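Colleague: Please put the model up. I would like to go through its side-chain contacts one at a time.

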Amino acid sequence: DADAFRRAYAQGTRRDDGTIKPRSENTVRKIIAASKLFFRGAVRLRLLRENPFADQKAPILANPKRLA
């Protein structure tokens, strides 16, 4: 399920000190975009009937912190 994957991936990674750093929304969107492309290819090759990531939003947004 693409929604569950998105939530799990967004939770982030565990640091050496044991804390968890959540991933930024744009990082999650980049992975979702790559997943959409991968599964679209699998559908085109008829390896899958449908793309589980087809309805996921993946546009990369501007980061206002970097624009300042």
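Modeller: Start with a salt bridge: R6 pairs with E25, their closest N and O atoms being 3.1 Å apart. The term covers a side-chain nitrogen of Lys or Arg within 4 Å of a carboxyl oxygen of Asp or Glu. This is a predicted model, where local features need pLDDT of at least 70, side-chain atom pairs count only at pLDDT 80 or more, and totals for chains, interfaces and linings use all residues. Residues are numbered from 1 along each chain as its sequence is written, and side-chain values use heavy atoms, with hydrogens and water left out.

Colleague: Which parts does the pair of R6 and E25 tie together?

Modeller: R6 lies in helix α1 and E25 in helix α2, so the bridge joins parts 19 residues apart in sequence. Helices here are DSSP runs (H or I, at least four residues), numbered from the N terminus. The parts tied together are helix α1 and helix α2.

Colleague: Is R6 buried or exposed?

Modeller: Buried means under 20% relative accessible area, exposed over 50%, and partly exposed in between (1.4 Å probe, protein chains only). E25 has 41%, so E25 is partly exposed. R6 has 17% relative accessibility, so R6 counts as buried.

Colleague: Which residues are linked in a network of salt bridges?

Modeller: The whole structure holds 2 salt bridges. R29 and E25 both sit in helix α2, 4 residues apart, about one turn of the helix. The network is R6, E25 and R29.

Colleague: How many aromatic pairs are there?

Modeller: Rings of Phe, Tyr and Trp (its six-membered ring) pair if their centres lie within 6.5 Å; planes under 30 degrees apart count as stacked, over 60 as edge-to-face and the rest as tilted. By that rule the count is 4.

Colleague: Which residue lies over the face of Y9?

Modeller: Y9 belongs to a cluster of ring pairs with F5, F38, F39 and F53. A charge sits over a ring if NZ of Lys or CZ of Arg is within 6 Å of the ring centre and within 35 degrees of the ring normal. At 3.9 Å from the ring centre of Y9, the residue is R23.

Colleague: Where in the protein is confidence lowest?

Modeller: pLDDT is the predictor's confidence in each residue, from 0 to 100. The protein averages 91, and 99% of the residues score at least 70. Helix α1 (residues 2-10) is highest, at 95. Confidence is lowest, at a mean of 76, in α3.

Terms used. Helices (H or I, at least four residues) and strands (E, at least two) are DSSP runs, numbered from the N terminus.
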